[in-house]
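Q: Hi, I'm new to this one and would like a quick tour. Could you walk me through it?

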Amino acid sequence: MVQGSSAAAAIGTGGNVSLDTAADRYGVKPYPDLAYTPEIAEATAPIYEKVRHVIPAIEWPVHAPYVYHINRLKAERGAIILAHNYQTPEIYHGVADIVGDSLQLAQEAAKSQAEIIVQCGVHFMAETSKILCPEKTVLIPDSHAGCSLAASITGEDVRLLREAHPGVPVVAYVNTTADVKAEVDICCTSSNALEVVESLGAKEVIMLPDQYLAAWVASQTDVKIITWNGACEVHERFTGDELRAYREADPSIRIIAHPECPPDVLAEADFTGSTAKMIGWVQKENPGKVLMVTECSMADNVASEAPDVEFVRPCNLCPHMKRIQLPKILDTLVYMSEEVVLDPMMAAKARRSVERMVNLKS
Ligand code: SF4
């Protein structure tokens with residue numbers, strides 16, 4: 001649930017009503033002039049150096065004023081920007097303070113001293129930050145940035161699953177809404193899913209909502225996995241045939257894939273892991289040519305830091321992640337919109353599930 005700066009009141013998940021908006025608490029700033037001045041060109045030149053491989057010089061004068069004013073306003077507000085690995089390079093390298101996968105962002109949100117968090121990612125990620133940091137103001141530049149996995153299941157579905165499988169512990173992927181997190185025993189990410197499942201010491205575990213992540217975990221463990229039929233609309237579009245065609249064209253290519261991909265895709269991969277683990281693999285292996293089977297922007301972001309590696313990008317973009325853009329981030333910092341608001345009781349229940357995961361990891 002979000003609360004815009006213009007809203008007189010907002011209904012939070014669980015039915016609470018708040019009359020206080022972030023704009024009321026922090027005030028609205030003047031909207032900046034977005035001219036590309038020599039001062040802005042000079043101030044943003046070091047940032048452009050990081051993205052010049054993926055952003056043509058002709059486009060930089062459009063991005064640079066936003067980058068400059070976002071960073072200025074971020075400092076004035078005492079805010080931090082968290083950006084997921086799937087954000088575009090001008091966000092990832094230009095304005096983010098912390099980048100990473102879902103687990104890394106959740107952990108950093110909890111550690112941060114900043115009072116205001118701007119979450120550049122999809123809505124469940126902003127909810128997760130709010131769950132872990134209830135006292136902080138969490139803003140998302142576009143509250144309609146959803147996720148096909150998070151949309152596939154509700155808290156009520158979890159309650160029905162528990163009735164159908166009494167006594168079986170329930171693990172929820174972090175790609176779920178707060179009301180789902182509130183109903184489960186523990187959360188997981190694609191980084192730690194196997195560890196989380198095995199930590200429960202149960203013969204049987206319900207793992208939701210991603211059928212493919214669950215199938216991948218099931219292939220690595222003796223624990224029986226009961227799953228849900230959710231899928232990531234980006235990763236389920238890859239096919240094993242597509243990857244075989246790349247390998248036939250160049251047998252030296254290394255293929256690394258995200259565990260949200262279907263089993264026939266993972267069967268073709270040389271390595272399977274979360275976005276953070278894929279980045280670690282590229283840094284360690286330093287392959288000549290790598291096919292990164294995940295959302296398209298991640299290869300752009302990693303390519304900036306691995307100039308010797310040739311990246312092949314079978315380009316599937318996440319339409320939800322791409323709703324987050326520089327102009328919306330600037331609006332967020334000017335108008336203090338849109339705030340994530342959660343019912344405190346539901347958030348407290350969800351926090352137990354997320355903290356259990358975070359504590360396990362550390
Ligand atoms: S890439 Fe897939 S899992 Fe990630 S936010 Fe987009 S739809 Fe959801």
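This is a predicted model: local features need pLDDT of at least 70, side-chain atom pairs count only at pLDDT 80 or more; totals for chains, interfaces and linings use all residues.

Q: Where is Pro 209?
A: Pro 209 is in the loop between strand E10 (204–208) and helix H10 (211–218); helices (H or I, at least four residues) and strands (E, at least two) are DSSP runs numbered from the N terminus. The peptide bond from Leu 208 to Pro 209 is cis, with omega near 0°.

Q: OK, what joins Ser 337 and Glu 338?
A: A cis peptide bond, with omega about -15°. Glu 338 sits in the loop between helix H15 (326–335) and strand E16 (339–340).

Q: And Met 336, where is that found?
A: In the loop between H15 and E16. Met 336 is not a glycine, yet its phi is positive, near 55°.

Q: Buried or exposed, that Met 336?
A: Met 336 counts as buried because it has 26 C-beta neighbours inside 10 Å. The cut-offs are 20 or more other C-beta atoms within 10 Å of its own for buried, 12 or fewer for exposed, and partly exposed in between, with C-beta atoms placed from the backbone.

Q: New topic: how is the chain divided into domains?
A: Into domain 1 (2–147 + 321–342), domain 2 (150–232) and domain 3 (235–312), with bounds from an automatic or database domain assignment. The C-alpha centres of domain 2 and domain 3 lie 26 Å apart.

Note on methods
Residues are numbered from 1 along each chain as its sequence is written.
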